[in-house]
Every structure is written in C-alpha cells, then in structure tokens.
Amino acid sequence: MMSDIPGYGSPKASEISRLTDHLFRREAGKLIAILTGIFGINRLQLAEDVVQESLIRALRTWPYAGVPNNPAAWLTQTAKNLALDVIRREKLFHDKEPQIIAVMEQWPSESSESPVFESEIRDGRLRLMFACCHPLLPPEAQTALALKTLCGFGVGEIAKAFLTSEAAIAKRLTRARQRIRELHIPFEIPAGDELSNRLDGVLQTLYLLFNEGYKASSGDHLIREELCQEAIRLVSLLAEHPTGNRPRTHALIALMLLNAARLRARTDSEGNILRLKEQDRSTWDQAMIARGMFHLSNSAAGEKVSPYHLQAAIAACHCAATNYESTDWRRILSLYDQLLELDDSPIIALNRTVAVANVHGPQAGLEAVEAIQNGEQLNSYYLLYAVLGEFEKQLNHFQAAIDNFRKALELTELTSEQSFLSERLRDSEERSLRIVA
C-alpha cells in the first residue's frame, strides 16, 4: 500500500497527533461523502468504519515510517484500498463489483470530490448534509449525525454544542443510524419543497461547525480557523444554489464573515485570549467585514427575521464601533431581546446578560443571570461562572468572583481559557488581599 503513495518525509512524532486531527476534520467528511455515494446512506456505518480505519493506520504507520509528503493523498489511497477490500468480501456488492471498482479507480489522488455522482448540489459534503437532514430523523439527530459524520466532531464536542451529556449524544447517534437502516433512507437529494424543508438542518450544522472553529470546546488553541473557513465555503456554495439562496442563508454568511473578520485580534502572539476591549481593531479584516455587510444587506430581502439575522446584526454593531467605548450596547441589548423571542436558548440569554451589564451595570447583569429560563442547563457550562465572576469582580465582591472563576476553571477543557481564567482568578485574589490588608 505504501508503495502507491509519493515519498515520505522525516518522522515528526510531536506533530502527528495534530496533523491527523486536522486531516480527520478536513478530509474525513469528503471521503465519507464519496463512499456513501457508492455504498448508499444505509451503509453509512460502513463508510465511517473505512475512513476511521484509514486514520488509525496513519497513527500506527507515520510515527515509524514518517509523515507522507502528501498526507491527504495517503489517506485517500488507504481509504480507497480498504473500500475495495470490503467490496470484494461482501456478497451484497458482487453483482455491482466491476462497476463500483471502475468508479473507485476514477478517484483523484486527493478526496476533493466524487467524479461520478451528479446532483443539483455538486459539493459532496453538502449533498450528504442534506441526506443526514432527512425529515424522517428528529431535527437534533440530523444535526448531530452531520456533525459527527461530516465535520469530524467527537461526541464530547457535540454534547457541549447541545448542552447535554456524551451518553445522550451517543444514544442519539445510534438511534439515527438504526433509523437510517430500518427505513432504508436513500442517498439522494430531493427536489423542490422537500429539499427546501431540509435547508434549516443544514444551516444549523454549518452554524455549529463555524462556532467550533471560532471558539473550540477543548484543546490547546482557542481558534480552529480551518473550521471557520470550511463553514464559510460551504454556506457560500449553498447561497449560490437556487434552494439555498434564501435570506436566512445570507444572514448566516454575514454572521460568519463578521465574526471571522476579528479572528486575528482575539489572541495575542502567544495565543492568550484578548477580550473585546483589549483587541487591536486595526487588525480586523475590513474586506471580510465589507463582504459580511453585503450579505447582511442581501438578507433583508425577505419579510421573515431568523436568529441568524439578529446575531449578524449584533456582530455588525461590534464591527461598526471604532472602539469598545463607542459600541452601541443599547442596540445590541434590543437585538438580544428580539433574539430571545425567537430562540429561548439559555446560552443566548447568558450572552444577553453581558449587554445588560454594559447598559445598566454589573448588578443588573447578575439579576439577568438569575432570571434566565432553564438556567439549570448552564450548571456545567464554564462561561456561566466566568460571566458571574466578571460581574462580581466589577462590584468588588472579590470572594464571590474568586469562587466563580475557580468553578469556571474546573469546567473548561481549553488551554487558552484555562490560562485566561487563571489570570482573572489571580487578579481577584490579589485585589482581595489588598482590601484585607
């Protein structure tokens, strides 16, 4: 198998784990889309197993043989060889074996796209997202399945996105796959209204993909820019399609672009988190902001306002402010009030409390936190305690701030956030000691 792949570089064991994680997120969804097009979506588990085995072989091989010069080509070739082995073993594919093998031999050296299966939507990952968002699957199962299968999300990452347990997500994924098998859900993109009915599930998947890139749920780095860029690429492709060219799609593109324009300013040269008031706004990508504003303008074509419209408008308020002090917090608070009417998510309610505090002061922010409906869902969410810590610190309630920062620190799994919270904790402890002294 290795002889089929161009030359290898020197082993770099310290980079292999990061490289395979990057490849898993970038390439796995493309490969699964191609394999599912061949095997059928009812054999989704088979496609996932083939791609997973390819990644396992990379982890086993590269520390000793070295990282290939073209890791994506290595991964594609390995998946191709494994898939051919499956076809030759399984009686189910015997009648179609020559045709399938001929198709697979046409694969390019990298998994950019399937050359065979034509569709209204040409991108393989988008096609499979629409297949995952089948109306016979519950909405949350649709999104969870697409995130796991196509976006390389772990069960833990999906659980954090939905504010639930890993066990609950594992059950949701298992039931979704069972339902696909039992109902023989085909790999096809329907036309007309049925395709439109699946759009919201696809948009939600892309929204969560971007969010994981904008602020990772775990790991060493706050930002995973490649996830943000992939989400922007896919939703932009979607907007070019007649079905996807809808105001809410343009609103989502606007939201992504206006937030992505600020990525460089969110951390310093050492990867430490910079709060909005600390960011160098001269580093914000003005071209990207202009594109975002263009799509926000396009999103106004319809009469219906979606949560993406309101979130994009909030991002636009931040981008329009020349500095933190000139931010139109009253406008942002009004937008959050409208957003909560459409989506009563406790996370949105928590974000709203920051706007409340900027308009009415930290005590009002604390009271807004207390008033959050379904606030118990935030009990294991580190940002709840980080926000409470900031409000208490602004009120000079340093012991309460210390307690909340400690709780937040216990709950976060992201290295950069742990460093940030540790600094906030130390500052609160020092100020508390000065008062006692």
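Select S345, which sits in the loop between α15 (329-342) and α16. Keep in mind as you look around that this is a predicted model. Is S345 buried or exposed? It counts as buried, because its relative accessibility is 18% and the cut-off for buried is under 20%.

Now zoom in on the side chain of S345: one of its polar atoms lies 3.1 Å from the backbone nitrogen of I347. S345 and Q373 are 28 residues apart in sequence, with their C-alpha atoms 8.4 Å apart in space.

**Second stop: inside α16**

Move on to helix α16, residues 346-360, and pick out T353. With a relative accessible area of 0%, T353 is buried. What does T353 touch, leaving aside residues up to four places away in sequence? Show G365, A368, V369, I372, V387 and F391, and you have its contacts.

Next, colour helix α12 (residues 247-260) and helix α13 (residues 286-298). They pack at an angle of about 160°, and their axes are 8 Å apart. That angle is why α12 counts as roughly antiparallel to α13. The crossing of α12 past α13 is left-handed.

To see the contact itself, show side chains on both helices. From α12, select H250, I253, A254, L257, L258 and A260. From α13, select M288, I289, R291, G292, M293, H295, L296 and N298. Colour this α12–α13 contact by class and you'll find 9 nonpolar, 4 polar and 1 charged residues.

Terms used
Residues numbered from 1 in each chain as written. Predicted model: local features only at pLDDT ≥ 70, side-chain atom pairs only at ≥ 80, totals over all residues. Heavy atoms only, no water. Helix = DSSP H or I, 4+ residues; strand = E, 2+ residues; numbered from the N terminus. Buried < 20%, exposed > 50% of the residue type's maximum accessible area, 1.4 Å probe, protein only. Contact = heavy atoms within 4.5 Å. Polar contact = N/O pair within 3.5 Å; in protein donor to acceptor, adjacent residues only side chain to side chain. Axes fitted to C-alpha atoms, helices over the stretch in contact; angles between N-to-C directions. Parallel < 35°, antiparallel > 145°, perpendicular 65-115°, else oblique. Left-handed = near helix turned anticlockwise from the far one by under 90°. Nonpolar A, V, L, I, M, F, W, Y, C, P; charged D, E, K, R; others polar.
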